[in-house]
Amino acid sequence: MTTSSITIGKLGTSKRLHIFINRCKNGDWLAHRITSLFAYTLLLLTALLVIELYRHSGPSIRSFGWSFFITRTWDPIAGQFGALPFIYGTLITSAIALLVAIPLGVGAAVFLAELAPREISDTLTFVIELLAAVPSVIYGLVGIFVLVPGMRDTVQPALKAVLGFLPLFRGPNYGVGLLSAGIVLAIMVLPFIISLSREALLAVPREQREGALAIGATRWEATWQVVMPGARLGIMGSILLALARALGETMAVTMVIGNNPKISASLLAPGYSIAAVIANEFTEATADLHLSALVELGLVLFLLTAIINGLGQLLIFATSGRGTKQE
Amino acid sequence: MSSKLMWVFISAVFAQVASAQILINGAGATFPYPIYSKWFDEYHRQHPNVQINYQSIGSGGGIRQLEAGTVDFGASDMPASDEQLTKFKRKILHFPTVLGAVVPVYNIPNLAGELNFTSKALAGIMLGTITKWNHPEITRANAGVKLPASEIIVVHRSDGSGTTFVWTDFLSKVSPEWKTRVGAGTSVNWPVGLGGKGNEGVAGIIKQTPGSIGYVELIYAIQNKIAYGRVQNPAGHFVKADLGTVSAAARDQRMSSDFRVSITNAPADGAYPISSFTWLLVPAEIRNPAKAKAIKEFLIWMLGPGQKMTESLSYAPLPREVAAQVAKQIARIR
């Protein structure tokens with residue numbers, strides 16, 4: 001630092017200023033260019049992904065056209081391919097996962113952020129974040145050896161006995177199936193929802209809580225009516241991230257979903273998801289049409305994720321207006 | 001001292017690199033991967049100038065990569081179809097390497113002993129026409145065994161696999177209905193059942209589910225000590241799969257000249273009917289003469305010392321007659 005100021009000190013004042021301005025200008029310019037390059041690379045990668053998926057699904061798109069989306073048969077030997085059972089399985093398992101994980105996750109986040117003492121909150125959060133780093137194959141193994149027997153012997157017979165009048169809980173009870181897959185997914189996405197929702201809740205200014213309490217609100221009212229609306233965006237974001245993970249999860253799902261491309265009203269029945277069938281059949285697909293149908297499934301999954309994320313953004317956009325009015 | 005050691009180490013590494021002049025790449029089947037990796041490793045130890053790399057990416061992937069010319073040889077659990085062969089720019093030779101078998105595994109609580117399965121029973125179960133364990137087609141073959149009246153739950157592989165090909169190839173041969181409704185392949189449209197990923201997935205579901213039946217590779221069943229059933233062969237005997245009965249299935253087969261032959265449902269007396277070869281796919285013309293020489297020498301070694309290493313890994317070796325025929329084909333590589 002001193003040496004450079006000494007060297008610069010030898011130069012004339014105007015020249016010094018010139019170098020300084022240039023340096024700042026060049027730095028800004030350079031940083032701007034480099035970071036924008038990084039950002040646009042992402043866009044380019046996504047575009048390339050879509051183009052490549054589309055190109056390689058050519059034979060399948062030409063053979064089946066739009067009927068690919070509504071056909072229920074998946075027969076690699078006869079060369080008949082339809083995506084409907086896989087789309088169904090993917091959406092249902094993700095829906096079950098969110099249905100279970102949102103109340104649990106947001107509830108846990110509220111406890112950790114609002115009610116628990118700081119040390120307990122930090123320790124628990126650390127443990128929860130560790131859960132997010134467990135490889136999905138481990139969740140699958142735990143699913144197949146612990147969850148599935150429990151579901152078959154305890155949970156599903158109970159569901160059948162109590163809610164058996166609904167078509168959702170009828171049919172043979174295998175243990176593996178849509179419900180088990182949904183629950184494994186719920187466990188897998190919980191850490192995302194808890195950790196991110198807690199951050200969002202903690203980011204709500206302390207004064208708002210104190211203000212609510214000062215005007216006579218109970219702890220619950222302050223949390224529910226003041227803090228939660230303030231953290232709404234962050235919580236929604238955590239749910240969207242959880243959904244994206246649930247839609248694309250492969251290994252854990254394929255181990256407990258039963259891998260049967262049938263559409264059945266019962267949640268106890270085996271099903272299949274898009275990511276699972278790609279992982280299962282890609283390596284041994286020898287026929288061109290089979291391979292390109294699998295690639296087209298990848299394209300379908302991409303579109304599905306894009307549509308659902310878009311809807312999520314719309315929801316956030318539509319509801320964030322109300323949030324601001326309340327403040 | 002330590003720097004001296006380091007120099008010894010570095011020069012050893014360089015010596016290794018300098019002498020490993022011939023690098024051969026292969027890709028394909030996962031089923032024979034344990035024996036292949038042992039072979040390539042052992043061969044490299046004996047011939048330090050030849051290094052063979054093998055990626056077990058699946059039979060389909062192996063055939064595709066060979067077609068694209070990115071590997072020197074492919075490996076497959078099912079022979080390449082005529083349609084696939086027409087896509088190759090070069091002529092491709094099939095070399096059988098070892099034999100494998102697929103066995104029926106099941107979970108019936110409180111059952112002593114092994115079950116006998118007629119081919120009709122297996123086809124009926126897989127088609128979903130036989131749904132109870134006490135169906136006459138099953139009880140008739142198992143006199144004295146008390147079978148429950150419970151539902152049969154079918155478990156199959158969900159991932160594309162040579163194991164599934166061998167299993168469905170056998171079912172196609174013994175059941176015309178299976179042949180027309182389902183067919184044989186690495187992934188099929190299963191009439192009934194649950195899918196498990198890999199041998200371990202199928203075995204896992206079966207272990208957990210009373211009344212279930214599925215199929216796994218013989219090696220997997222042996223290594224994990226899973227009980228499996230006997231299967232009736234065309235000669236009428238109920239045969240238990242082991243290295244001997246699997247090799248017997250290959251012995252009496254009339255070998256087609258290109259070795260693309262299915263040995264399921266083999267007619268010999270002691271043959272286990274759900275057996276199969278696994279193949280290396282090698283181009284008949286290899287442009288690089290050094291590579292061609294190395295591949296030929298490896299194949300000759302594989303038929304000799306290589307075959308002696310198979311049994312320790314529970315693979316059935318090629319019968320001597322077949323090995324002799326395969327040896328003749330090696331000369332066709334140029």
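Me: In chain B, strand β3 (residues 73-76) runs antiparallel to β11(B), and three bridges join them. What makes these strands a pair?

Reply: Bear in mind that this is a predicted model. Pairing takes at least two bridges between the strands. β3 and β11 of chain B have three, so they count as a pair. In this pairing, G74(B) stands opposite L281(B).

Me: How do you know that strand β4 of chain B pairs with β11(B)?

Reply: The cut-off is again at least two bridges, and β4 (residues 92-107) of chain B is joined to β11(B) by nine. β4 and β11 therefore pair too, and they run antiparallel. Here P96(B) stands opposite W279(B).

Me: Why is strand β11 of chain B called largely enclosed?

Reply: Being buried takes 20 or more other C-beta atoms within 10 Å of a residue's own. Nine of the nine residues in β11 (residues 275-283) of chain B are buried, which means the strand is largely enclosed by the rest of the structure.

Me: How do you know that both faces of β11(B) are covered?

Reply: In a regular strand, side chains alternate between the two faces of the sheet. One side of β11(B) has S275(B), F277(B), W279(B), L281(B) and P283(B), the other has S276(B), T278(B), L280(B) and V282(B), and all of these are buried.

Me: Where do the domains of chain A lie, by the domain assignment?

Reply: Domain 1 covers 2-56 and domain 2 covers 82-319. Their C-alpha centres lie 41 Å apart. The contact takes four residues from domain 1 of chain A and five from domain 2 of chain A. The domain 1 side has three nonpolar residues, one polar and no charged.

Me: And what are the domains of chain B?

Reply: Domain 1 is 22-99 + 277-330, and domain 2 is 101-250. Their centres, taken over C-alpha atoms, are separated by 29 Å. Contact involves 17 residues of domain 1 of chain B and 13 residues of domain 2 of chain B. On the domain 1 side there are eleven nonpolar, four polar and two charged residues.

Me: What makes up the side of chain B that touches chain A, polar or nonpolar residues?

Reply: 27 residues of chain B are in contact with 22 residues of chain A. The elements giving two or more residues to the chain B side are α3 (59-68), β7 (194-196) and α9 (198-208). That side divides into 19 polar, six nonpolar and two charged residues. Gly counts as polar here.

Me: Which residues touch the most other members of the largest nonpolar core?

Reply: V189(A), I193(A), V256(A) and V103(B), in a core of 170 residues. Helix α7 (residues 178-202) of chain A gives the largest share, 16 residues.

Me: How do you know what V256(A) touches?

Reply: Contact means C-beta atoms within 7 Å. Leaving out residues up to four places away in sequence, the contacts of V256(A) include G140(A), I144(A), L147(A), V148(A) and V184(A).

Methods:
Residues are numbered from 1 along each chain as its sequence is written. Chains are lettered from A and ligands numbered from 1 in the order in which they are written. This is a predicted model: local features need pLDDT of at least 70, side-chain atom pairs count only at pLDDT 80 or more; totals for chains, interfaces and linings use all residues. Domain bounds come from an automatic or database domain assignment. Two residues are in contact if their C-beta atoms, placed from the backbone, lie within 7 Å. Helices (H or I, at least four residues) and strands (E, at least two) are DSSP runs, numbered from the N terminus. A residue is buried if 20 or more other C-beta atoms lie within 10 Å of its own, exposed if 12 or fewer, and partly exposed in between; C-beta atoms are placed from the backbone. A nonpolar core is a set of buried Ala, Val, Leu, Ile, Met, Phe, Trp, Tyr and Cys residues joined through C-beta atoms within 7 Å.
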